[in-house]
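Morning, everyone. I'll take a few minutes to walk through the model that's coming up on the screen.

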Amino acid sequence: MDMFNNYIYLVILFYIFYFFFFFLGRSFFLTYKKIIDKNKESKVSLLGFDLELFFPLIGVFILGNIVFLINFIIPVGNIYFFIIFIFLVINFIEKINFISLKRLIYTTFPALILIISTYGASFHYDAGAYHLLNQAWFRESNIIFGFSNIYGAFGVSSLWDYVSSLLWFNDSFIFLHFLNILFILFFYQFIIYSIFVQKDKFFKNAAYFILLFSLLDNLGFLGGRNGFIYIQGVSKQDVAISVLYYVSSLLMLYSLTKNSYNHMDFFIISSLVVFIIQLKISGAVIAIIYFYYFYNFIKYKQITYRSLLKEIVPLGVLSICWTIKSIIHSGCLIFPLTASCMGRLSWVDVGYLKDIEEVTVDYSRSYYFGSSISDWFKIFTSNDVNSAVVY
C-alpha cells in the first residue's frame, strides 16, 4: 500500500511538473501572437499537430533562457516568483482550448509507465563529472570569466544545466529525472498524434516506421539499443536532443515535400532548432536541414531574406547572447575548438585549450583531418558501442 501511495504521489507530482512547463510554454505562444506575429495568423496547429503538444517543451526552452540571461547578472538560486508571475499573468490573456487540452491529456498515459523508472533512477556518469557541478555554480554565482579554467568541462555548459539549476527541491533531484521523462513522453505523444490525430500519411508512416525500428532495435545486434531512445541517467540531455532532432527534422521535411510554409510554423521550428544547439553544440548539424528549409520558405513565399530574418530577431538575440556566454566562459566561439578561440583575451590559455581539445577528440575517437580514414575507422569501431551502432 505504501508503494502504491508513493506511486500516486509521484504521478501527481509529475503532472504538476508537466503543466507548469505547459503553461509557461503557452505564455510564450500568447506573447508571440500578441506582439511578434505581424501577420496575425490565427492558427491552432503546427503542420496538423495541436500546438498544445509543444507547449511543455517550449516552456523548458523559455525557462532555460530566462535563467541563462539572469545569470549574466545574479545567481539563479531563487527566482521562482519571477517565473511564476510570468506564466500566471500571461495565461489570462486568452481562454484555454479545452478540446485540444483534453486530447493532450489523453496522450499523456505513457507517463504512467515512464514514472515507474523513478524508483530505479540513478545518476549519469557525466552528472557527477560536471553537470551537477555546473548547476551548483549557476545557483551560487553569476557568470564567471574564464569559467572553463576552473574545470575544462565547464566550457560546455548546456541550457539543460540552466533549467536543471532551478529544479533542486528539498535536497532531491527527482525533478531532474522528470525532465528526462518529459521529453520521452513528448516523443510518444508525437507518435500517438501522428497515428490517431494527423490526417496526412507522411506522419503516420513515419510513426509506424519508428515504432518498427524500436522493435527491431530492442531485438538487435549485441542486444539492441543501437540508436533508439532510452531512459537516461539523471542530469543528462542526450535523449532530449535526439527527440527534438527527430521531430524538428520531420516537421521540416514535411514542409519541404508538401510545400507547406507558414510564418508561425517557421518561428516555432526555428525555436526548436535554437533549443537543440543550446542543449549541445553537436546538435548544430540540424542547420543543414534548417538552411534548406529557410531557403525554400523564402522561395515559396516570395519574400526577402531580411523580412524573414526579422521574424526571428528574438531568437537571433538569444543566439548572440549564448555565443557571448561561451566567449566569457571559455574564450571560444565553440569550445574546445581552438581554431575558434580568442587567444588575446586575458582569461584564455591557448595551451590549456589545446590539451582539452586533444583529450576530447581522443576520448570520442573523433577523426583528425588529414589522417587515414581507414585507420581512424578501425580505431572508432574498436569501441563496442560504436561498432554496434554502425552495424
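Helices here are DSSP runs of H or I of at least four residues, strands are runs of E of at least two, and both are numbered from the N terminus. Bear in mind that this is a predicted model, where local features need pLDDT of at least 70 and side-chain atom pairs count only at pLDDT 80 or more, while totals for chains, interfaces and linings use all residues. Residues are numbered from 1 along each chain as its sequence is written, and side-chain values use heavy atoms, with hydrogens and water left out.

For context, most peptide bonds are trans, and most residues other than glycine have a negative phi.

On that second point, we have a couple of exceptions. Serine 235 has a phi near 70°, positive without being a glycine. Serine 235 sits in the loop between helix H10 (201–218) and helix H11 (238–258). Buried or exposed, then, for serine 235? Its relative accessibility is 0%, so serine 235 counts as buried; the cut-offs are under 20% relative accessible area for buried, over 50% for exposed, and partly exposed in between, with a 1.4 Å probe and protein chains only. Glutamine 302 also has a positive phi, about 55°, and is in the loop between H13 and helix H14 (305–310). Glutamine 302 is exposed, because its relative accessibility is 72%.

On to the cysteines. Cysteine 332 and cysteine 341 are both buried. Cysteine 321 is in no disulfide, and the nearest cysteine sulfur, on cysteine 332, is 19 Å away.

Now some helix packing. Helix H12 (residues 263–279) and helix H13 (residues 287–301) have axes that come within 12 Å and cross at roughly 165°. That makes H12 roughly antiparallel to H13. The axes are lines fitted to C-alpha atoms, for helices over the stretch in contact, with angles from 0 to 180 degrees between N-to-C directions; under 35 degrees is roughly parallel, over 145 roughly antiparallel, 65 to 115 roughly perpendicular, and the rest oblique. The H12 and H13 crossing is left-handed, meaning the near helix is turned anticlockwise from the far one by less than a right angle, where clockwise would be right-handed.

Which residues meet there? From H12, they include Phe266, Ile269 and Val273, and from H13, Tyr290, Phe294 and Phe297 are among them; contact means heavy atoms within 4.5 Å.

The other pair is helix H2 (residues 55–70) with helix H9 (residues 174–196), packed at about 145° with axes 10 Å apart. The crossing of H2 and H9 is left-handed too. Pro56, Leu57 and Val60 in H2 meet Leu179, Leu182, Phe183 and Phe186 in H9.

Last stop, tyrosine 151, in the loop between helix H7 (147–150) and helix H8 (159–164). Tyrosine 151 counts as partly exposed, because its relative accessibility is 36%. Leaving aside residues up to four places away in sequence, tyrosine 151 touches Ala129, Tyr130 and Tyr352.

How values were computed
A disulfide is a pair of cysteine sulfur atoms within 2.5 Å.
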